[in-house]
Amino acid sequence: MLSREDEGHIAQNRRHGANGIRTSKYTVLTFLPLNLFMQFNKAPNVYFLVIAFMQTIEMISISGGKSAMAVPLVFVVLVSMIKDAFEDFGRHRADGQENNAETLVYQHQTRSFQRMRWKEVHVGDVLKVEADDAIPADLLLLQCSDAKGVCYVETKNLDGETNLKVKAAEKDLQAVFKDEKELGHLAGHVRCEKPNNAIYKFEGTI
């Protein structure tokens, strides 16, 4: 059973939102209006749209009031829309693979680690990352299987570097949490900066 204090902390952490990512630009509902807006944000498309409209005015038209430019303009816009839809579908698939990848998350109710999807991870969750696993979120290293609390992280997905980075658990935490069962008694606060794009700098206190 969780105490009221534990439930309060969990509820507070849930307010930060989940860990899901979205790199796609469109949804099924927003694709048509948003993509059309993007298409006619391009100066050449606006230019040819104006020409196509002016061709319908017989007084100034050299095509007898028929918009000869409309057909090639529609063709170009449709091809661009199909290309954008195909690319965005690829982003949706990539997002789904990332969001539905699994990691081990500590459950206070059962006092054990259970598999959950990356998009279901929340701020304050305790995760177990095993050898060669991808890291599902920004993590604070509490304990490591190495006696000195040292682990090695590859960051090529972030900065393209394949050399391993050395990370170390805080000594006091490494000494205390040697057993998974001890995690049920873990209590504390982490104060840190909000998410940002600085991957080589981090400030926080535990």
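**Strand pairing, helix packing and local backbone features**

Q107 lies in strand 1, where helices (H or I, at least four residues) and strands (E, at least two) are DSSP runs numbered from the N terminus. The model is a predicted one, in which local features need pLDDT of at least 70 and side-chain atom pairs count only at pLDDT 80 or more, while totals for chains, interfaces and linings use all residues. Residues are numbered from 1 along each chain as its sequence is written, and side-chain values use heavy atoms, with hydrogens and water left out.

With a relative accessible area of 19%, Q107 is buried; buried means under 20% relative accessible area, exposed over 50%, and partly exposed in between (1.4 Å probe, protein chains only). Not counting residues up to four places away in sequence, Q107 touches S112, Q114 and M116, contact being defined as heavy atoms within 4.5 Å.

Strand 1 (residues 102–107) pairs with strand 2 (residues 112–117) in the antiparallel sense over six bridges; two strands pair if DSSP finds at least two bridges between them. E102 has R117 of strand 2 as its bridge partner. The two strands, strand 1 and strand 2, form a hairpin with four residues between them. R111 is located in the loop between strand 1 and strand 2 and has a positive phi, near 55 degrees, in a residue other than glycine. Most residues other than glycine have a negative phi. R111 is partly exposed, with a relative accessible area of 38%.

The open sheet comprises three strands in the order 2-1-3, with antiparallel pairing. Strand 2 and strand 3 stand at the edges, each with a single partner strand, so one side of each is left without a neighbour in the sheet.

A positive phi also occurs at D132, which is not a glycine and has a value of about 70 degrees. D132 is placed in the loop between strand 3 (127–128) and strand 4. The relative accessible area of D132 is 83%, and the residue is exposed.

V150 belongs to strand 4 (residues 150–154) and is partly exposed, with a relative accessible area of 23%. Leaving aside neighbours within four places in sequence, V150 is in contact with C144, V166, K167 and A168. The C-alpha atoms of V150 and L173, which are 23 residues apart along the chain, are separated by 13 Å.

Helix packing was examined for helix 2 (residues 31–39) and helix 4 (residues 70–100), whose axes come within 11 Å and cross at roughly 120 degrees. Axes are lines fitted to C-alpha atoms, for helices over the stretch in contact, and angles run from 0 to 180 degrees between N-to-C directions. Helix 2 and helix 4 are therefore oblique to each other, given that angles under 35 degrees count as roughly parallel, over 145 as roughly antiparallel, 65 to 115 as roughly perpendicular and the rest as oblique. The crossing of helix 2 and helix 4 is right-handed; a crossing is right-handed if the near helix is turned clockwise from the far one by less than a right angle, and left-handed if anticlockwise. Helix 2 contributes F31, L32, N35, L36 and Q39 to the contact, and helix 4 contributes V77, S80, M81, D84 and A85. These residues divide into six nonpolar, three polar and one charged, where Ala, Val, Leu, Ile, Met, Phe, Trp, Tyr, Cys and Pro count as nonpolar, Asp, Glu, Lys and Arg as charged, and the others, Gly among them, as polar.
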